Amino acid sequence: MALWPLIQKFGVVKVLMSTYQASSGAGQPGMDELTSGTKAYLDGEDVKNDIFAYPLPFNVIPQIDKFQENGYTKEEMKVTWECRKICGLPEDTPISCSAVRIPTIRAHSEVIVLEAEKDVDVAVARQVLEDAKGVKVVDDQETLQYPMPLTATGQYDVEVGRIRKSIAFGDKGLEFFVCGDQLLRGAALNAVLVAEEMQENGALN
């Protein structure tokens with residue numbers, strides 16, 4: 001949701017992403033395993049893991065889904081494929097993703113680094129994000145405002161912050177942090193929005 005309007009404005013050469021995915025990505029069993037495991041850990045008991053490869057409480061696991069022949073996981077490749085598809089990008093557009101499971105209940109997070117075709121003005125990029133539907137800019141260094149699962153959980157809009165020029169790509173680079181409740185945006189809410197749009201354009205008549 002945050003990447004597409006930036007690509008429309010500045011174009012794209014490549015995209016690098018790191019995703020930090022909540023236990024809810026594995027459904028209710030994943031959330032239950034995290035909460036019960038956290039209690040067991042704090043009680044000094046053994047932490048069991050049936051859903052995740054390792055115990056998730058007070059841990060991060062740099063694997064989501066099975067490893068592929070190219071060294072990436074299936075989840076990482078799925079992010080790459082879906083990004084190209086949703087943004088209508090050529091199949092040879094360089095997009096790379098690392099996916100990490102983290103010990104939160106809801107809301108996935110991402111660090112996104114964009115190398116654009118055009119020079120990126122950070123102020124213009126910020127305005128593009130502020131104008132984007134379904135995006136909420138949360139970005140104030142002085143008051144320590146930035147996206148977090150704590151604030152994004154239960155919210156329909158995707159939070160975007162830490163917006164800055166990427167020192168890796170210079171004038172054509174932009175780096176930012178995204179956090180959104182994937183149980184709403186990307187799931188149930190998207191279905192409702194699609195149905196509302198179809199109702200408005202007469203597709204359901």
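Residues are numbered from 1 along each chain as its sequence is written, and side-chain values use heavy atoms, with hydrogens and water left out. In this predicted model, local features need pLDDT of at least 70 and side-chain atom pairs count only at pLDDT 80 or more, whereas totals for chains, interfaces and linings use all residues.

**Overall architecture**

The protein chain contains six helices and six strands; helices (H or I, at least four residues) and strands (E, at least two) are DSSP runs, numbered from the N terminus. Along the sequence, their order is α-β-α-α-β-β-α-β-α-β-β-α. Of the 205 residues, 40% are buried, where buried means under 20% relative accessible area, exposed over 50%, and partly exposed in between (1.4 Å probe, protein chains only). Among contacts (heavy atoms within 4.5 Å) with a separation of 6 or more, 66% join residues 24 or more positions apart. The chain exposes about 11700 Å², of which carbon and sulfur atoms supply 53%; accessible areas come from the Shrake-Rupley method with a 1.4 Å probe, and for residues only the protein chains shown count as cover.

**Helix α3**

The buried residues of α3 are E75, E76, M77, V79, T80, C83, R84 and C87. These buried residues pack against α1 (3–10), β1 (14–21) and β2 (95–101). G88 follows the helix and has a positive phi.

**Positive phi values**

| Residue | Phi | Location |
|---|---|---|
| R162 | about 50° | strand β5 (residues 158–165) |
| G88 | near 65° | after α3 |

R162 counts as partly exposed because its relative accessibility is 38%.

**Nonpolar surface patch**

L144 counts as exposed because its relative accessible area is 56%. Together with Y146, M148 and L150, L144 forms a nonpolar surface patch with about 420 Å² of accessible area. Patches are made of residues with over 30% relative accessible area and no salt bridge: like charges are joined within 9 Å, and nonpolar side chains (Val, Leu, Ile, Met, Phe, Trp, Tyr) within 5 Å. A salt bridge is a side-chain nitrogen of Lys or Arg within 4 Å of a carboxyl oxygen of Asp or Glu.
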